[in-house]
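I opened this notebook to record what I looked up in the structure shown below. The entries follow the order of my look-ups.

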Amino acid sequence: MANLLFDESASNSETSKGFGWWFSGDTFERNAYEERNPHSRSLSYRLNSHPGRLTIIYFLALITVSTSLLCLPIATQPGKKTSFSTAFFTAVSALSTCGISVVNTTDHWTIFGQVVLIFSVQMGGLGVMTFASLIALAGNHHLKAMQRLLAANELGTNKLSEIRGVLQVVLMTTLVIEVVTFFALFPGLLSVNKGNVGRTLWESLFFAVMSYNNAGFTPDGAGLYVNNWAVGLPIMMSAFCGTLGFPVLLNIFRTARMHKSPKHWSLHTKITMIMTFAIVFMSLIWFLAVEWDNPVLFKDGDVDTRMRRAMVAAVMPRSSGFDLSWVPGVKECTKVFMSIVMFIGGGSTSTAGGIRVTTLAVILLVCKAAFTGHTDVNAFHKRIPQHVIMTAISITASCVALVFIASVALMLITDSSLSHAMFDTCSAFGLGGYTVGVAQENNPASLYVLAAAMVVGRLGPMTLAYAVSRPKELDVVRYPEGQIVVG
């Protein structure tokens, strides 16, 4: 194991700052012994050696629990009925942090049902891999090496000894941003609710959780509160932070704490920020240029109102899904454009879905290298490893195939147009939260197709690949400095 990139053995405890127990050399010896003795492998070993399977089991268990709770009579308003397909679809939509809903959240679900939604969104937003790692840590005190390697990839850290600290920071970051959003929303919502403190407290909590986790469920039924700038601005800022991903937020925070300029950001952070702002800017220009005279979106407002609503429209469709009122009224070309934006999604390991902006960046850099006759793919004077390029290409190809198959299936099931079927499929896969009505409560087949797209969008193709493949040898898994996390 001398060729491993990180030395975190027990003898190196001082260098590893006390995390030697987390990734000690003894772990390699135990894993090697279990590999040589198949009869000694327990169920725990088999799950931990296939972390993708553990993640899927964890996610399916949450879906089962959430669906069961939403099926309870206490979760539904008097006079309303909840079918299994509606409860299942809503549970998957919440856990995947997508936010597509086939029923009115306020009119259909009771406070108990809405609490289930908040809990599901929070568990999904914190990350399937994060909680799967915590569960394994609580059960074994030591995570298996492959489990920690996959957790490192999910959380965007390239030092195995940092994972425990990163998990703690992930929880703390989520709590801090949601608390700040809660207090920022309170004054605006208090004005909207005309001084009703109880309702304001509940809606502030609801929006704080939903906005950071980029889930489109709203306590006001239609999400129209986002048109009020005192409410819409905190929601938009929180949603934007959620789309960046934990690695980017942590890297920016650490760089700022050391009083360093953005040029010291990691390669992953630089690419994520550039691509994110580029997509938001292109979306802003699109809505201003193409939908300027659209009364459904801008309601004949003045220039300031149009700019504000265009900004909300540019940021929200990437993964948030608030305010569904204007979506069916935009032009068909805008629906196609929004489908592409939702398919791209947000940052890696973020609460957003899609192929992720870093994957798109790698694809564009590959095209640039090919068109300019270069054999190496470089970004900011750093060479992108071949395995990252292969991963980005495979993810993009497989996701395009998924969206195409799901769109055709929806066209056959619902007789919808290609643009509408593709819109709802990209929204489900990219966890966008918007819908043009293809998802229908009285058509369970359409709900199951979109739910499958949400599951893939939340887990990611890499997790599914880990679930069906054999564990890699420890000495061939590398997380080099300056890495880009894709998928």
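**Entry: salt bridges**

I began with E332 and K335, whose side chains meet in a salt bridge with an N to O distance of 3.2 Å. The model is a predicted one, and I read every value here as computed from it. I then asked how far apart E332 and K335 are along helix 16. They are 3 residues apart in that helix, which spans residues 332-344, and this separates them by about one helical turn.

E332 has 41% relative accessibility and counts as partly exposed. K335 is buried, at a relative accessible area of 3%. Since buried means under 20% relative accessible area, I noted K335, at 3%, as falling under that cut-off.

A search of the whole structure returned 3 salt bridges. Another of them joins E203 to R199, and I recorded 2.9 Å between the closest N and O atoms. Both residues belong to helix 10, residues 197-212, where E203 and R199 are 4 residues apart, or about one turn of the helix. What is the relative accessibility of E203? I found 0%, so E203 counts as buried. R199, at 36% relative accessibility, counts as partly exposed.

I also recorded the salt bridge of D376 with R383, in which the closest N and O atoms are 3.5 Å apart. D376 counts as partly exposed, with 37% relative accessibility.

**Entry: a second residue of helix 16**

I returned to helix 16 for M342, which has its place there. M342 shows 0% relative accessibility and therefore counts as buried. I also looked up its separation from A428, a residue 86 positions away along the chain. The C-alpha atoms of M342 and A428 are 8.7 Å apart.

**Entry: aromatic rings and charges over rings**

I counted the aromatic pairs and found 7 in the structure. One of these is formed by F84 and F88, and I noted it as stacked, with 6.0 Å centre to centre and 20° between the planes. Where do F84 and F88 lie? Both are in helix 4, residues 84-95, and they are 4 residues apart, about one turn of the helix. F88 is partly exposed, with a relative accessible area of 22%. I then found that F84 and F88 belong to one aromatic cluster together with Y448.

The charged end of R306 sits over the ring of W292, 4.6 Å from the ring centre. The charged end of K270 sits over the ring of F380, and here I recorded 5.2 Å to the centre.

**Entry: nonpolar cores**

As general background, I noted that nonpolar side chains tend to be buried together in soluble globular proteins. In this model the largest nonpolar core has 86 residues. Which members touch the most other members of the core? I listed F89, M210, F217, W326 and F429. Helix 20, residues 444-459, supplies the largest share of this core, with 7 residues. Another core, of 19 residues, lies apart from it and includes L267, F337, V357 and A379.

**Entry: the surroundings of T255**

I placed T255 in helix 12, residues 246-257. T255 counts as buried, at 3% relative accessibility. With residues up to four places away in sequence left out, T255 touches K260, S261, H264 and W265.

**Entry: the whole chain**

How many helices and strands does it contain? I counted 21 helices and 2 strands. The chain has 487 residues, of which 56% count as buried. Among contacts between residues at least 6 apart in sequence, 72% join residues at least 24 apart. The accessible surface comes to about 20700 Å², and I recorded that 66% of it belongs to carbon and sulfur atoms.

How values were computed
Residues are numbered from 1 along each chain as its sequence is written. This is a predicted model: local features need pLDDT of at least 70, side-chain atom pairs count only at pLDDT 80 or more; totals for chains, interfaces and linings use all residues. Side-chain values use heavy atoms; hydrogens and water are left out. Buried means under 20% relative accessible area, exposed over 50%, partly exposed in between (1.4 Å probe, protein chains only). Contact means heavy atoms within 4.5 Å. Accessible areas come from the Shrake-Rupley method with a 1.4 Å probe; for residues, only the protein chains shown count as cover. Rings of Phe, Tyr and Trp (its six-membered ring) pair if their centres lie within 6.5 Å; planes under 30 degrees apart count as stacked, over 60 as edge-to-face and the rest as tilted. A charge sits over a ring if NZ of Lys or CZ of Arg is within 6 Å of the ring centre and within 35 degrees of the ring normal. A salt bridge is a side-chain nitrogen of Lys or Arg within 4 Å of a carboxyl oxygen of Asp or Glu. A nonpolar core is a set of buried Ala, Val, Leu, Ile, Met, Phe, Trp, Tyr and Cys residues joined through side-chain atoms within 4.5 Å.
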